[in-house]
Structure formats: structure tokens, C-alpha cells
Amino acid sequence: MSLAEEYIEKKLAERRIAGSYRALRPENSLIDFCSNDYLGFARSVVLRNKIEEEIDSHYSSLNGATGSRLISGNLTYAENLEQQIANYHNSAAGLLFNSGYDANVGLFSALPQRGDTIITDELIHASIIDGARLSFANRYSFTHNDLNSLEAKLRLAKGICYVAIESVYSMDGDTPPLSDILELTEKYNAHLIVDEAHAVGLYKTGLVSRLKLEDRVFARLITFGKALGCHGAILLGSDTLRQYLVNFARSFIYTTAAPFHNLVAIKMAYEVLTESDKAIIQLNNNIPLFKERVKPHGHYSLLQSDSAIQCILLKGNEKAKETAAHLQNAGLDVRAILSPTVGQGSERIRICLHAFNTEDELLLLTSALNKLLNDQ
């Protein structure tokens, strides 16, 4: 065995201790409490039919994009879609990326330069961390949602300063004091970037738009693989930022563009989203219903969250895996989140609520949770 293979085997053994992904068959009969399909778009027959009709109306479209958007892969359809989405979120412009990961890596690796500063919340998504690592900028993190910690880092900033947060954090489900953070960044002439991946669906246009802060936020990330039920992402900001990313974001330049059918899925998902007030209300009703009924006991605790992401801390990989397995055996698809994905001592089960979860399903989930956690 070569040195490289020995290293790979060692790292795989370490990661297997923490668990691995599990493939689900299409006929999976477990009740979904783990996916990011908050509004049910991924399983929507209405959306599927709209996609098929739109593709059929463009009979000359190709199966693949054939190249990057700077060579053969650009379409007027894509440029029009970018502007439509930007208008929906009250932004001047937007640039499509093949995923949220690509978008964050592209933005943070291309924009901050040597001598600039990137400040991120300590729980920021891995894609932003990876993008920041690829830049030559100074990097700091601040204590989660802590304004004093953020200000201390802002005082250290040099050059152009960028502050990155999420409007709904993917692992904890909580929301930062967005208006207060924005006031701080403006005080220090810093530029706020907000990842809204888990906010759209909970809010129809995202939290930044709900608070009417669009003109004060430098850039926003909107992803399509969660509440919108398809795939891809868009970075929203000024037209100048868009043109810069077209020319300098390597994850945009050096990759094949999204194929036409993917663009169609995004466009039709936004059409469905404009008519989804009832689903959004149902999702927001299911959240307090779950929180009222679940009663963790002793040293098990429900993290503070008003979003669709609800987490119960179990403080140990084995306990988290055991609890998830019990719930799955009861017909409930709940997954364990284990260290090192989260910090040691904050292992948990992560529950995702959806508009399509019925009251009976929520009762089944909370009853099973209460029995499991209060009997031990």
C-alpha cells in the first residue's frame, strides 16, 4: 500500500467513526424530517408539469450547455432569468452559479485581495471558509451572533473589509441580529455579505428583503436546492459586482454552464414560489407546533430556533446515532449530525420541518422524541 493509500485509509476510518451518508431508495417510506425541501417543491407535481411544459415550448434547446458561459454555454434565457430573480429579490443584478458552494467559493476567492480583511461568524458555512482560504486576505472569525466579538474584529480590520453571516444558520437554525450587525459594519465602513440559503421558504424573498435592508447589504446568496426544490444558486448585488465576478470568479469561469433544463427548473420554481403563500404559512405554523410539543429532559436541550431547522443537542456521537436510528425505526427520517461536522460536545439530531408535514406526523415525531429522551 502506498503512502497516499495509507493516508486515505486512515482518514476514512476516522470519518466512518463519525458516520457517513446513507442513500435512500425512491420508494423510501420514512416521513421526511431531514431534507431541506421546506415547501415540498422537490416533490411537487405542479412544478414538474410546469418544467415539462416550458421545455416542450423550447423544442430547439440542447440537452447540455456544451461549455462555460464565456465560450459556448451562455444563453439569453440565462441572462433574462438572472434579471428576473434579481428583480424578485429587489436587487440590481445577479449571477447564476452551479451551486451555492461554487458561488461562495467564487465570491470570496476573487473579491478580497491581499491586505483586505474577511470577518466571518464562527458558524459560517464551509463554502465561505473555503473561499476565504483561497483569497490572500486577512481572516478573522467572531463568536456566533456576538456583536461585541464582531466589533473587536472590525477594529482589527485593514484594507477593504467584508463581513459574512447567514440569515438562518444551517446547523443551529437560528437567526443573527441582522439589523444590529449591519449598523456595526456600516460604522466601520465594512461590507456585509449574507448567505440566505435557508431563509428563502421561511420568508418568501429572504430575511434581508423582509427587513427591507436590500440597499444596505453588499451581496446576498440565494440557493435553489432547498426550498426551491431544484439546483444552483445566484449571487445578488450591483451590476458592477456581477461584471467583476464574470471576469474574476474562477468557479464561474472555469466550469461548464448549467444546462437548459436546469435553468427551466429554476425559472418555474420561482413561478410556483410566487403562488406559495399558503405553504409558507403552513411551514411557519408547523414550527411553533413542534416546539410546543417536544419536551427534552435533563441535559438534552432544544437549540433556540424559530426556523424550519430544529436541533436537539445530545452531546455524543453514539447517543446521536442511537437516537436517529430509533426514530428511523419508528418511520421518521431524522439524521444525526456528528463531530467533526459540528464541534465535539455539540453532536445532535437535526430536524427539518416542512410545509407538507401534517399535524399527525408532527405528533408522531414529538411523541417519539419525548419518549426516547425522557426515558434515559
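Let's start inside, with Cys161: at 4% relative accessibility, this cysteine counts as buried (buried means under 20% relative accessible area, exposed over 50%, and partly exposed in between, using a 1.4 Å probe and protein chains only). What you're looking at is a predicted model, where local features need pLDDT of at least 70 and side-chain atom pairs count only at pLDDT 80 or more, while totals for chains, interfaces and linings use all residues. Residues are numbered from 1 along each chain as its sequence is written, and side-chain values use heavy atoms, with hydrogens and water left out.

In general, a disulfide is a covalent bond between the sulfur atoms of two cysteines. Take Cys230, which is buried with a relative accessible area of 18%. Cys230 is in no disulfide, and the nearest cysteine sulfur, belonging to Cys352, is 17 Å away.

Now for the charged side chains. There are 16 salt bridges in the structure, each being a side-chain nitrogen of Lys or Arg within 4 Å of a carboxyl oxygen of Asp or Glu. In one of them, Glu271 meets Lys50, at 3.3 Å from N to O. Glu271 lies in helix H11 (residues 260–273) and Lys50 in helix H2 (residues 45–56), so this pair ties together parts that are 221 residues apart in sequence. A word on those labels: helices (H or I, at least four residues) and strands (E, at least two) are DSSP runs, numbered from the N terminus. Glu271 itself counts as partly exposed, at 32% relative accessibility.

Helices H2 and H11 turn up again in another pair. The side chains of Glu54 and Lys267 form a salt bridge at 3.6 Å, N to O. Here Glu54 sits in helix H2 and Lys267 in helix H11, 213 residues apart, so to speak a link between distant parts of the chain. Glu54 counts as buried, at 14% relative accessibility.

Being four residues apart in helix H6 (residues 147–156), Arg155 and Glu151 are separated by about one helical turn. Setting aside neighbours within four places in sequence, Ser149 is in contact with Phe142 and Thr143, where contact means heavy atoms within 4.5 Å.

Next, the rings. The structure holds six aromatic pairs; rings of Phe, Tyr and Trp (its six-membered ring) pair if their centres lie within 6.5 Å, and planes under 30 degrees apart count as stacked, over 60 as edge-to-face and the rest as tilted. Tyr77 and Phe260 have ring centres 4.8 Å apart and planes at 65°, so their pair is edge-to-face. This pair links distant parts of the chain, with Tyr77 in helix H3 (residues 76–88) and Phe260 in helix H11, 183 residues apart. Tyr77 is buried with a relative accessible area of 13%, and Phe260 is buried at 8%. Tyr88, Phe224 and Tyr270 form one aromatic cluster.

Most residues other than glycine have a negative phi, and most peptide bonds are trans. The peptide bond from Ser339 to Pro340, though, is cis, with omega near 15°. Pro340 is found in the loop between strand E12 (335–337) and strand E13 (348–352). Thr66 has a positive phi of about 75° although it is not a glycine; look for Thr66 in the loop between H2 and H3, where it is exposed with a relative accessible area of 56%. Asn90, also not a glycine, has a positive phi of about 60°. Asn90 lies in the loop between H3 and strand E2 (93–97), and counts as partly exposed at 46% relative accessibility.

Note on methods: A disulfide is a pair of cysteine sulfur atoms within 2.5 Å.
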